[in-house]
Amino acid sequence: MDTMKKFQEKLLLFFDKLGATSSTFLSETGGIFINAIRGLYLAFVPPYRWRNLLKQMEFIGAQSTFIVGLTGLFTGMILAFQSSHAFRLFRAETLIGPTVALSLTRELAPVFTALLVTARAGSAMAAEIGTMRISEQIDAIFTMGIDPVQYIITPRLVASILMLPLLNALFTFLGLIGGHIISVNVVGVTSFAYWDQIFYYVTAEDYFNGFLKAAVFGYVISAICTHMGYNASGGAEGVGRATTHAVVVASVSIFIFDYLLTALMY
Amino acid sequence: MEDAVIVIEDLHKSFGDVKVLDGVNLTVIRHKTTVILGRSGCGKTVLIKHIVGLLKPDKGRILYEGRDVVNMPTHERKEMLKEFGMLYQSGALFDSMTVEENIAFPLVEHTKMTKAEIKERVQEILHRLGLKDVEGKYPAELSGGMKKRVALARAVALEPKVIIFDEPTTGLDPVMCDIIDNLIIKTRDELGITCIVITHDIQSTFKIADKIAMLYGGRIIEEGTPDEFRNTSNEVVLQFLHRKAEGPIKIMD
Ligand SMILES: Nc1ncnc2c1ncn2[C@@H]1O[C@H](COP(=O)(O)OP(=O)(O)OP(=O)(O)O)[C@@H](O)[C@H]1O
Ligand SMILES: [Mg+2]
């Protein structure tokens, strides 16, 4: 009887915990969603703070070009290498180009770009905004009669939405160059055949969908990372927690949204 | 009836099980300096955060110029806050901005002043607060007392209608304390700004206050002019004013 009671208690405790977890999950998802909507809406409401926007575009976009470009180059090279093994069996080496190009435009460029930006800029957003929260800088902005969401979050959302497609283009372009280097120098495809086949197989829609994915990923990761920082609490440790949480949730979300978008697009 | 700018009525606030404010009533009078005294941790900062809407009360009302602050729509609150300056106890300086940008921030956001005019204003305030050659520095490069003064400069820069100072002199040397006291007096006398000052400094309290309110046990237990405070018979106030360890104030809550 006693064990039965204990078991019941444990079970109830388990359900309590489960309930608490799912309700925090739901409230957090809701919080991110509201943050995303409100932050973007405020981009269309004056005052427009161009300087903040440019600063964020510089940080998220310009300063990411090197790692994005480098990763793109190597991704293209790896893709060409790997696919060359298979295509050699069929003497279809000229198809390396389209394979590299389709993989890049449709999937790899937007996903890798978003992951790289999350690691570089997303974590910084969460940490910076989190620090502003715990040192009362956000309160100070509020008490000056300025909307802190519009001042802090909006420029980061807009900058991410604008810069991710550009970084995606850079990634794709350097990936194609990487594929070209391997195809021409290692596999022995002519430069003309490489580009010709790419233009033949890859449609404008493929490029466009890649850009669209990148823009959506930019919106998603910036909304998540800014939300986590904005709601940080509990001192330096809390900021650390918010940052880790932001990177993890943003990374996973990229794949979830990638699946949803892919299912919708193709 | 005195001309009230802010009226706080029966304000209650708890954090979890901890009751911090338990029915605070306070009136802040126009063009006067109101000093709020109280022990560390008694809820002074919590009280002023309610005035600007950073915290929501569990119960009670706050009126600014007769308007309800608690349920104020966002745009109306924004307009209201433009008439406020606030010095945070921690400074709350923007650490990604220089000293000059920090002080200029409210001016850039809320006035049509030109760059040159703003620069001049910033220089003037910095000079008055005895700060030299710090315009280009970042908050992290300043001493504690310098940070406090820069934060103070930012709070007064816009010359708002109401300024709230949360411990403006804590951590400053006695000379600097007196300079700050004079600044607060000047702010009131020359610009007619209503000031709310939280402090532990009894000497400066009597120098700057038109009205003193003592917060204890979640309520205002005594309220009056400096003279009324000097002649009080309230044991708690006496113990506080005379810095005694013995008395009715419980050390452990
Ligand atoms: N956000 C919060 N969450 C939980 N408790 C809080 C919060 N803010 C303040 N408190 C509690 O409220 C009480 C009053 O804090 P407050 O900061 O107002 O003190 P204070 O009077 O300003 O003290 P000091 O003179 O040391 O600045 C403290 O017990 C504090 O722990
Ligand atoms: Mg305080």
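**Entry 1: the model.** I am working from a predicted model.

**Entry 2: the interface.** I looked up who touches whom. On the chain B side, 23 residues are in contact with 16 residues of chain A. I then checked the buried area. Chain B and chain A bury about 1,700 Å² between them. Carbon and sulfur atoms carry 58% of that area.

**Entry 3: polar links.** I counted seven residue pairs in polar contact between chain B and chain A. The interface also has two salt bridges. I looked at one that joins Lys49(B) to Glu136(A). Its closest N and O atoms are 2.8 Å apart.

**Entry 4: the chain B side.** Which elements of chain B touch chain A with at least two residues each? I found helix 2 (74-81), strand 6 (84-87) and helix 3 (99-110). Helix 3 of chain B gives the largest share, five residues. By class, I noted twelve nonpolar, three polar and eight charged residues on this side.

**Entry 5: the largest pocket.** I read its volume as about 1,000 Å³. The lining has 31 residues. Closest to the centre are Arg51(A), Asn52(A), Tyr151(A), Met97(B) and Phe105(B). Several helices supply at least two lining residues each, including helix 4 (96-134) and helix 6 (148-187) of chain A and helix 4 (115-128) of chain B. Helix 3 of chain B turns up again, with the largest share of the lining, six residues. I listed the lining as 15 nonpolar, six polar and ten charged residues.

Methods. Residues are numbered from 1 along each chain as its sequence is written. Chains are lettered from A and ligands numbered from 1 in the order in which they are written. This is a predicted model: local features need pLDDT of at least 70, side-chain atom pairs count only at pLDDT 80 or more; totals for chains, interfaces and linings use all residues. Side-chain values use heavy atoms; hydrogens and water are left out. Contact means heavy atoms within 4.5 Å. Buried area is the accessible area (1.4 Å probe) that two parts lose on being put together, summed over both. A salt bridge is a side-chain nitrogen of Lys or Arg within 4 Å of a carboxyl oxygen of Asp or Glu. A polar contact is a pair of N or O atoms within 3.5 Å; within protein, one must be able to donate a hydrogen and the other to accept it, and residues adjacent in sequence count only if both atoms are side-chain atoms. Helices (H or I, at least four residues) and strands (E, at least two) are DSSP runs, numbered from the N terminus. Ala, Val, Leu, Ile, Met, Phe, Trp, Tyr, Cys and Pro count as nonpolar, Asp, Glu, Lys and Arg as charged, and the others, Gly among them, as polar. On a 1 Å grid over the protein atoms alone, a cavity is a set of points where a 1.4 Å probe fits but cannot get out, and a pocket is an open set with protein on both sides within 12 Å along at least five of seven lines; lining residues have an atom within 4 Å of a point. Grid points are joined across faces, edges and corners, and a volume is the space filled by probe spheres set on the points.
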